Structure formats: structure tokens, C-alpha cells
Amino acid sequence: MQTQPWIGKPLTDILFILLPPFACLLVIALFPGLFENSKGIPDASWVILILLIDVAHVYSTLYRTYFDPAAFKKQRTILLAIPFIGFIAGVLLYSISPLLFWRLLAYVAVFHFIRQQYGFMRVYSRKEKKARLTSAIDTITIYYATLYPILYWHMKGPRNFNWFIENDFLYIQAGGLLKIFTGLYFMIVSVYIIKEIISWIKSRFINAPKLLIVSGTLVSWYFGIVYFNGDMAFTLLNVVSHGIPYMALIWIYGRKNYTQAGKGSGFLRVVFSRYGIAIFLGLLFLFAFIEEGLWDLGVWQEHKHIFGLADSFSLSMPDKALAFIVPLLALPQVTHYILDGFIWKIRKDEFKWNNEARGVTG
């Protein structure tokens with residue numbers, strides 16, 4: 001009898017990896033009034049979505065790299081070189097053009113988000129024995145589920161939301177081409193559904209986690225970018241569907257390797273113990289609060305009251321200083337994007353599904 005290919009405990013996978021996009025869409029459906037404002041995010045929502053999820057999840061990579069003595073010792077050169085090179089490259093790009101810096105960072109972030117969905121799909125497909133055609137359909141579906149909304153965004157023109165800053169994407173007017181891409185989108189989704197139905201008829205088995213990760217990707221990207229045109233809807237579907245599953249993956253990894261297998265330092269074994277979730281999240285929230293406080297102090301100056309700064313307080317930075325400050329503050333996410341492309345391959349024995357999880361998040 002076939003079993004479902006869970007990563008951790010079934011309930012953990014369901015609640016924190018598979019459910020988020022559907023839960024977000026349900027919230028939007030139940031409380032449409034909260035999402036009527038097409039631009040801007042209320043402070044309370046900003047704290048939860050941006051500070052405690054989006055920024056915090058970036059720092060969860062620390063548990064898998066810099067906080068892991070074995071991983072750091074084995075990959076010391078790479079782990080030290082990436083932030084150094086990232087900072088130098090960031091300074092050069094920002095010095096040439098701030099828009100160029102943010103634009104490249106936005107596209108790297110998009111690639112990172114897309115790869116996460118593909119990675120989860122691969123992990124949940126690891127036990128399947130299937131033909132190349134069915135595997136190709138899965139791959140095409142998960143990629144086009146993310147690429148089509150991005151293409152729509154580029155060809156439809158600016159939305160009521162941005163990835164980082166205004167006009168960080170390039171826009172082209174191609175209405176006819178967009179119609180072709182739209183038709184292709186629904187054709188691919190239809191083929192995937194038919195493939196799943198045929199598979200069920202033949203085997204009387206449904207790979208529920210894989211089906212949910214593909215469906216959740218379709219839901220979060222289509223409704224977040226194409227169907228809705230509001231900052232709150234985009235941020236909720238985009239951030240929650242990406243950040244919470246990633247933190248859950250790190251938690252599952254830590255529980256299996258640092259607690260159950262007894263690897264790692266005493267600190268990691270405490271963090272990933274049964275009651276260590278408060279430390280795990282607390283450190284992420286602390287780092288996120290400090291980073292965003294510095295962003296607000298030196299660059300954005302949009303949420304002063306959240307960080308205890310007086311409304312009258314203003315810190316104006318010259319452009320030459322920003323060329324160093326902005327890349328420095330962006331370094332955690334740049335490092336996260338780059339590291340995440342290979343950290344799941346550092347040791348082949350750390351997860352039994354490690355080979356299938358290449359680039360699980362980017």
C-alpha cells in the first residue's frame with residue numbers, strides 16, 4: 001500500500017506547508033472589507049506579514065548554516081564569501097543605479113520564490129515511480145503556475161503593489177501575447193487535472209501533499225497577482241504562502257537532525273527541542289525587528305512609531321552613504337537567496353529526500 005510522502009509529521013505538513021495559501025484565500029473571502037484598500041498595508045498587518053513572517057523567515061536560514069557548527073566548518077569558505085561578495089556587488093550596483101539594484105534584487109527574489117514551489121513539489125514526488133511524461137507535466141505545471149502571473153504582471157502593466165519598490169519590474173505592452181500565455185495557462189492546468197484523474201483511475205492513489213502543493217501554488221500566485229489587484233491581498237498570499245512553509249521546513253529539519261538524531265550543538269538541540277519553538281521564533285523575530293528598525297531609521301522612515309522613534313525624528317542619509325547602507329541592510333536576504341540554492345545539498349545524509357530537494361527553496 002502506498003503511503004503519503006510527508007516531510008515531517010502529517011499535521012505539521014498540512015498546517016504549516018500545505019494549508020497557508022488556502023487559509024489566506026479563505027480570510028480574503030470571509031473579510032473582504034479588509035482588502036478593499038487597493039494600496040498600502042495597515043500597521044498591524046505590516047507587523048505580522050512583513051516583520052514577523054517575510055523578514056523573519058530569511059533569518060531561519062541561520063539555523064541551517066551559520067548556527068550549525070558542522071555545516072559552517074565544512075562550508076566555511078562559501079558561507080563567508082557569499083555575504084562578502086554579495087555586499088561588494090550590491091554597493092557597485094547601487095552606485096550605478098538604485099533602480100538597477102532593486103530591479104535585480106526583485107528578479108532574484110522572484111526566482112527564489114518560484115524555486116521554492118518547485119522544490120516542495122519534487123520532495124513530495126520523491127516516492128512516485130512515473131514516466132517521463134507525467135514528471136514533465138508536473139514540472140511544467142508548477143513552473144507555469146508561477147511564471148504566468150509574473151508574465152501577466154509584466155504585460156498588464158503596473159499593479160497596485162510592487163515586489164520591493166515602484167517600477168522594480170520591466171513592463172511591456174503585449175496584449176496579444178498575453179492572451180496566448182493566458183490560454184496556455186488554462187490548458188496546462190487542464191492537462192494536469194486530467195493527468196491526476198488518469199493516475200487515480202490506474203492506481204487508486206492520490207499523492208495528496210503533491211496535489212496540495214501544486215494547487216496551493218496555483219491559488220496563491222493567480223489570486224495574489226492576477227485576480228486581485230490589491231497590496232493587502234498580494235502581500236497576504238505571497239508572504240504567508242512562502243515564509244511559513246520555509247520556517248516549517250527548517251523546523252522539521254532541525255527536529256530530525258539536531259534533536260532526534262542528536263547532531264549539532266547543544267544550542268541547536270535546545271532550540272529544536274519540544275519546547276524550543278519560543279526560542280526558534282523569538283530569535284527570528286528579534287533579528288527581523290532589528291533589521292526593519294534600521295531600514296526605517298536610515299532609509300524608509302515609514303513606521304517610526306512601531307520602532308519607538310518620534311514622528312519628528314528624521315535621519316537624512318546622503319546618496320553616497322545609501323550606496324553602502326542599502327546593500328548592507330539587504331545583505332541578509334541576498335545571502336538567504338544565494339545560500340538557499342545549495343544548503344540542502346551540503347550533506348547527502350541529512351535528509352533521506354535530500355537529493356530530490358535540490359534548491360528546495362531557491
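I started with the kink in H8: it bends by about 30°, centred on Tyr-144. This is a predicted model, so I keep that in mind for each entry.

Next I checked the length of H8. The helix covers residues 132–156, and its 25 residues reach 34 Å from first C-alpha to last, close to the 36 Å expected at 1.5 Å a residue. Just after H8, I found Gly-157 with a positive phi of about 105°.

Then I turned to the partners. How do the axes of H8 and H9 cross? I get roughly 155°, with the axes coming within 9 Å. Angles over 145 degrees count as roughly antiparallel, so H8 is roughly antiparallel to H9. The crossing is left-handed. Residues making this contact include Ile-137, Tyr-144, Tyr-148 and Leu-151 of H8, and Phe-181, Tyr-185, Ile-188 and Tyr-192 of H9. By class, I have 16 nonpolar, three polar and four charged residues in the contact of H8 with H9.

Last entry: H10, residues 208–227. Its axis and that of H8 come within 9 Å and cross at roughly 10°, which means that H8 is roughly parallel to H10. In H8, Ile-142, Ala-145, Pro-149 and Trp-153 are among the residues that meet H10, where the partners include Ile-213, Leu-218, Trp-221 and Ile-225.

Terms used
Residues are numbered from 1 along each chain as its sequence is written. This is a predicted model: local features need pLDDT of at least 70, side-chain atom pairs count only at pLDDT 80 or more; totals for chains, interfaces and linings use all residues. Side-chain values use heavy atoms; hydrogens and water are left out. Axes are lines fitted to C-alpha atoms, for helices over the stretch in contact, and angles run from 0 to 180 degrees between N-to-C directions. Helices (H or I, at least four residues) and strands (E, at least two) are DSSP runs, numbered from the N terminus. Angles under 35 degrees count as roughly parallel, over 145 as roughly antiparallel, 65 to 115 as roughly perpendicular and the rest as oblique. A crossing is left-handed if the near helix is turned anticlockwise from the far one by less than a right angle, and right-handed if clockwise. Contact means heavy atoms within 4.5 Å. Ala, Val, Leu, Ile, Met, Phe, Trp, Tyr, Cys and Pro count as nonpolar, Asp, Glu, Lys and Arg as charged, and the others, Gly among them, as polar. The expected span of a helix is 1.5 Å times one less than its number of residues. The bend at a residue is the angle between axes fitted to the seven residues ending there and the seven starting there.
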